[in-house]
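Here are my notes on this model, written as numbered points. Have the structure open while you read and look up each residue as it comes up.

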Amino acid sequence: METPKRRRSNTRARLLEGALEVFAERGFHGASVEDICERAGFTRGAFYSNFGSKDELVLALFQATTDRLLEQIEALLPELANQPGTLLDAVLGLLDETAPDRRQWHLISAEFTLHALRDPEAAESLNRQRAMFRESLTRLVEQIAETGGLELTVPAEQFVRMVMALHEGARSQSLLEPLEVPAGSLEHTFLPMVLEAVSRPSR
């Protein structure tokens, strides 16, 4: 028998899945709560018992994706932590594999970022979510550097910010020009160079 907690979890998951599809088709502003509920097969009451707004739902999508990415990176650590270059290559592969659909995910991420630039409350919430992800990723980078016998010559958080900026910009170019910029090509080419430039063997 399905417990109330399990039922709520399943409802939330189906709402997130439905929202992902509707946002990609109609855009963040073009999608209504009713559209999301219809796609997921629920009522507005089910939506608002799980999310306070569309903003909150998008942030939950971001959180679920980043949590999954961090879990996968941590799973790689025992085997690859002492091989920073190989680990970086593997992590770059995970960045896009973790998202359900590259184009779909990029559209949602880009549109919500534009929304946050215009809405201070959304910006505060998005910054808080991104900061938590950066903090987790920064701890992993510091752990990887220590295990791999490396010392970063820049703050680890700044390195993480640069990795995220390059990945997001490269993904945009790849989606627009897939033949000229194959997915992951810029990151795989330039991030190892950057890592080498901003690190040195530990003393």
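1. Start with the largest nonpolar core, which has 27 residues. A nonpolar core is a set of buried Ala, Val, Leu, Ile, Met, Phe, Trp, Tyr and Cys residues joined through side-chain atoms within 4.5 Å. Buried means under 20% relative accessible area, exposed means over 50%, and partly exposed lies in between (1.4 Å probe, protein chains only). The members that touch the most others are Phe23, Ile36, Phe47, Leu57, Phe62 and Phe112. Five helices each put at least two residues into this core: H1 (4-26), H2 (33-40), H4 (54-80), H6 (102-118) and H7 (120-147). Helices (H or I, at least four residues) and strands (E, at least two) are DSSP runs, numbered from the N terminus. There is also a second, separate core of 20 residues, with Leu77, Phe133, Ile144 and Leu152 among them. In soluble globular proteins, nonpolar side chains tend to be buried together.

2. A word on what you're looking at. This is a predicted model, where local features need pLDDT of at least 70 and side-chain atom pairs count only at pLDDT 80 or more, while totals for chains, interfaces and linings use all residues. Residues are numbered from 1 along each chain as its sequence is written, and side-chain values use heavy atoms, leaving out hydrogens and water.

3. How far can you trust it? The score to check is pLDDT, the predictor's confidence in each residue, from 0 to 100. The protein's mean pLDDT is 86, and 90% of its residues reach 70 or more. Among the elements, H2 has the highest mean (94) and helix H5 (residues 84-97) the lowest (67). Where pLDDT is low, the predicted coordinates should not be read in detail.

4. Now the overall layout. You'll find 9 helices and 2 strands, and from the N terminus they run α-α-α-α-α-α-α-β-α-α-β. Of the 203 residues in the protein, 42% are buried. Take contacts (heavy atoms within 4.5 Å) between residues at least 6 apart in sequence: 68% of them join residues at least 24 apart.

5. Which residues does Phe47 touch, not counting those up to four places away in sequence? They are Leu15, Val33, Ile36, Cys37, Ser53, Lys54 and Leu57.

6. Compare two of the helices with their expected spans (1.5 Å times one less than the number of residues). H1 has 23 residues and reaches 32 Å from first to last C-alpha, close to the expected 33 Å. H6, with 17 residues, reaches 25 Å, close to the expected 24 Å. The buried residues of H1 are Thr11, Leu15, Leu16, Gly18, Ala19, Leu20, Val22 and Phe23. Those of H6 include Trp105, Ile108 and Phe112, but also Gln104, His106 and His115. Just after H1, Gly27 takes a positive phi of about 85°.

7. Next, the salt bridges (a side-chain nitrogen of Lys or Arg within 4 Å of a carboxyl oxygen of Asp or Glu). The whole structure has 9. In one of them, Arg26 meets Asp35 at 2.8 Å, N to O. Arg26 sits in H1 and is partly exposed at 43% relative accessibility, whereas Asp35 counts as buried at 17%. Setting aside neighbours within four places in sequence, Arg26 is in contact with Ala31, Asp35 and Arg39.

8. Arg44 and Glu34 meet at 2.3 Å, N to O, linking helix H3 (residues 44-48) to H2 across 10 residues of sequence. Glu168 and Arg130 meet at 3.3 Å, N to O, and this pair links helix H8 (residues 156-176) to H7, 38 residues apart. Elsewhere, salt bridges that share partners join Glu21, Glu25 and Arg39 into one network.

9. Finally, the annotation. UniProt, in an unreviewed entry, places a "DNA-binding region" at residues 32-51. UniProt positions follow the numbering used here, feature names are shortened, and annotations may be inferred rather than shown by experiment. In the model, residues 32-51 are 65% helix and 0% strand, with end C-alpha atoms 13 Å apart.
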